[in-house]
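Please keep the sequence and the model in view while reading.

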Amino acid sequence: MDLKTTEGIKQLYEEVFLPKKERLADWKSGYLKLVKEIANASPEQIADETMQLKLWEDKSISGSGMCSIPMSDFATNKDSVGFIRDFTSKSLPTDRELRIQAIEAIREELVKKVREKKSRLPKLKILRLLAAVFPFDMTCIVSAWKVKKTLKALGVSIPQKSSPVRLNRLLLDRVIESIGPCKDLDQAIDYSMFAWELYVLLVEPEDDGGEENPKTPDEDEYLVFLPQQSRRKGLVAISGYVETAIKIVDFAKNGVTPEELADFYREESPGMKSSSVNTQLSQFRHSLGLLKRENNVLTPSPLGEELLDSHDPNCLVERLLTHVVGFDVILYELQTQGSTKKSDLYASLKRHYPKWTTDFAPSSLLAWSVALELVTTDKKQNVTLTESGESWAEWIPEKPQPLIELPSGEGGKEREPFEPPKLAAIINHIESKGFVFEPSMVAKFHTALHMHEGKHFVLLSGLSGTGKTKLAELYAEAYHGINEGEINDYFLLVPVQPDWMDATGLIGYVNPLQQETTYETTSFLQFLHQALERPDHPHFVCLDEMNLARVEYYFAPFLSAMETESPIVIHQQDEPIDSVEPKLDWPRNLFIVGTVNMDETTHAFSDKVLDRAFTLEFWDVNLETYLDSFAKRYPDVDQESCAGVFSVVEKLHAILKPVQLHFGYRVIDEILLFVAKANTEASSIFAEKEALDCAVQMKILPKLRGEDTPAIRACFEQLTSKLEELELSGSAAKCKEMNEVLIAVGATQYWR
């Protein structure tokens, strides 16, 4: 369907949207009920506090995303209540243009009144309120930015500086032009919901609208903000900004080496210093996230491909808001304070991140904000949010807190001189937590960690879900006597990232993006400092999924230091940077545990790594004591029902174990919890056996795969037979299908 034509839009409406209306019935019912209630209410009823709260907070039309600004105080303000009462009962002109102007005037006045009472403007809630009062003029897409994106995708010409009201009307006009006039309120709601369908298909193409449970705007959406400490600290201004970024991504679309990209950038920017070239290319890759690197070849990341396809600056906004320090501060300050002097904005940024002692970094952030069309500046040095900037500001949930450096160790919990616990006490602590670990395995782990006075490195490998990470955490708890609810200052969990090519992911890096060179530290580096400052206290770090990246790449400095007890090289400068010394002594009290899963997504270990570590395998799953441990961890769950489900799971486990296709404790936990939840909340929809059938299909069968061998074939035949015997029909059918594929093509997996 060509959705830039009226024929294509009509075809989508008739062939896709109308057939799925039944699955949208609950949404439409609530939407229509709310709109009718408002339309039929008297002025006195509109002014009632209950109705006012409903106008602001009811989610029948749509959610409000990150807009969590409460409006209960506004709903009782006489002036604002009177204004809303008056415009809801007022007749609007029938002429299209006059009608748009009238609603625009209402919105502007409403914005003005809200600003008088609120430091932040709930723009999404204002648009949702207008959609409830004016259903023939406003859609359920309460984000002006989303409406604009949908219009652009439809090929609709958008006048400059169009208000959210006009944008909504343009979208409805396009729907009416394609399908036909809107005859009544029921059809107006259909057209509004169809507008959302267009947004989902055109702007979020991964949601194809054909899912069994279609996405609706009633599902609140959120941006995932990195912790302030983990964000990039600054962004240098560049010539061309977004256009330059597009050129870089375009050049790399077929794959280039870093050297080739640097040569290209020098040609595009004659006279630029080599250091600046490297800094800016690093920015395109790391801060902007537009490039990915594999085997020394740079190619566009998914975000880079999106930018190359759309040439839309908005592609970069979410990345910068959530991954770079300062952008949320700019938008929040301007949203709450209104138009602000540049100097005041720079001061706010420097208060947020005290290491910015000059205006260099703040001015670069502001320049990028202008380039991304988030703000505008005037000759009097005033900075103001654009319509796009106001929309993005809605997604900032709260005032950004000042970036405080991680403690160097002196602020940690003070303890008495440390006395190591006995092995028996460690085993008892772990057992008391309700986790199943054989005492012999804990003893092996304990012995391997303490084999050498200054080298403590153990790899925990094997079956996923057997508690490898949990063992490291519980062991550290037991070692330091951490009680329930206390924070263990001596344990650090570090999720390894697959793009780590060097040690900077662990120890940080020198940041050349500011006039005064700074060092971007990490929690791991601070943990090393703390270990050196408290040499009598063992410090435990767990590198989770350690082989997602190549260990010999990112862990090389630590392997060498561990073996020779020589200092770790942190950076190449002669003097400390931000109090970070060039080298750091190896902490002899640092215990390193790496968890490992061996599959097609991970890397094998080199001998250099294996020679320095003890490796323990977790393949055995102790089912004899499992139910007792489950009862300790989940005392509120119906244990009698769980015992019945467990007996079935136990039978399946026994069939799969001989060919090492069995599963760990995590899978068993989740099957039991799923069935228990279904028994309490979905028993009217499916019985316990049906719930168990679903759980087996979702948690056990997807992990089954293998090549045709007598053992694998016998396993699938036995598993199919057992599932049929247990009357788990859906799982049995899927297993039978997988077995047929195994016989036909010599290999099988769950996914087609």
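Although Gln381 is not a glycine, it has a positive phi of about 65 degrees. Most residues other than glycine have a negative phi, and most peptide bonds are trans. Gln381 has a relative accessible area of 39% and is therefore partly exposed, given that buried means under 20% relative accessible area, exposed over 50%, and partly exposed in between, with a 1.4 Å probe and protein chains only. A positive phi is also found at Tyr241, a residue other than glycine, where the value is near 45 degrees. Tyr241 sits in the loop between helix H10 (185-203) and helix H11 (242-251).

Before going further, some notes on the source: this is a predicted model, in which local features need pLDDT of at least 70 and side-chain atom pairs count only at pLDDT 80 or more, while totals for chains, interfaces and linings use all residues. Residues are numbered from 1 along each chain as its sequence is written, and side-chain values use heavy atoms, with hydrogens and water left out.

Seen as a whole, the chain contains 33 helices and 16 strands. Its C-alpha trace spans about 85 × 70 × 55 Å along the principal axes. The radius of gyration, taken over C-alpha atoms, can be set against a globule rule of 2.2 Å times the number of residues to the power 0.38; for 752 residues a compact globule would have a value near 27 Å, and the 30 Å of the chain agrees with this. Of these 752 residues, 52% count as buried.

Helix H15 (residues 314-323) gives an example of burial: seven of its 10 residues are buried, so the helix is largely enclosed by the rest of the structure. The buried residues of H15 are Asn314, Cys315, Leu316, Val317, Leu320, Leu321 and Thr322.

The surface also carries a patch of negative charge, in which Glu305, Glu306, Asp309 and Glu318 gather. Such patches are made of residues with over 30% relative accessible area and no salt bridge, with like charges joined within 9 Å and nonpolar side chains (Val, Leu, Ile, Met, Phe, Trp, Tyr) within 5 Å. Helix H14 (residues 302-310) supplies the largest share of the negative patch, three residues. Asp309 is found in helix H14, and at 70% relative accessibility Asp309 counts as exposed.

In one of them, Glu97 pairs with Arg166, and the closest N and O atoms are 2.8 Å apart. This pair links distant parts of the chain, since Glu97 belongs to helix H6 (residues 96-117) and Arg166 to helix H9 (residues 164-179), 69 residues apart. Arg166 is buried, with a relative accessible area of 17%, whereas Glu97, with 29%, is partly exposed.

Arg166 forms a salt bridge with Glu104 as well, the closest N and O atoms being 3.7 Å apart. Again distant parts of the chain are linked, with Arg166 in helix H9 and Glu104 in helix H6, 62 residues apart. Glu104 counts as buried at 15% relative accessibility. These residues belong to a network of salt bridges that links Arg96, Glu97, Arg99, Glu104, Asp137, Arg166, Arg169 and Asp173.

A further salt bridge joins Glu725 to Lys722, with the closest N and O atoms 3.4 Å apart. Because Glu725 and Lys722 are three residues apart in helix H32 (residues 710-725), about one helical turn separates them. Glu725 is exposed, with a relative accessible area of 56%. Glu724 is found in helix H32 too, and is partly exposed at 46%.

Finally, two pairs relate sequence to space. The C-alpha atoms of Glu724 and Ile179, 545 residues apart along the chain, are separated by 51 Å. Glu243, which has its place in helix H11, is 70 residues from Pro313 in sequence and 9.1 Å from it in space, C-alpha to C-alpha.

How values were computed. Areas by Shrake-Rupley, 256 points an atom, 1.4 Å probe, with all protein chains shown as cover. Salt bridge = Lys/Arg side-chain N within 4 Å of Asp/Glu carboxyl O. Lys, Arg positive; Asp, Glu negative; His and termini not counted. Charge placed at Lys NZ, Arg CZ, Asp CG, Glu CD. Helix = DSSP H or I, 4+ residues; strand = E, 2+ residues; numbered from the N terminus.
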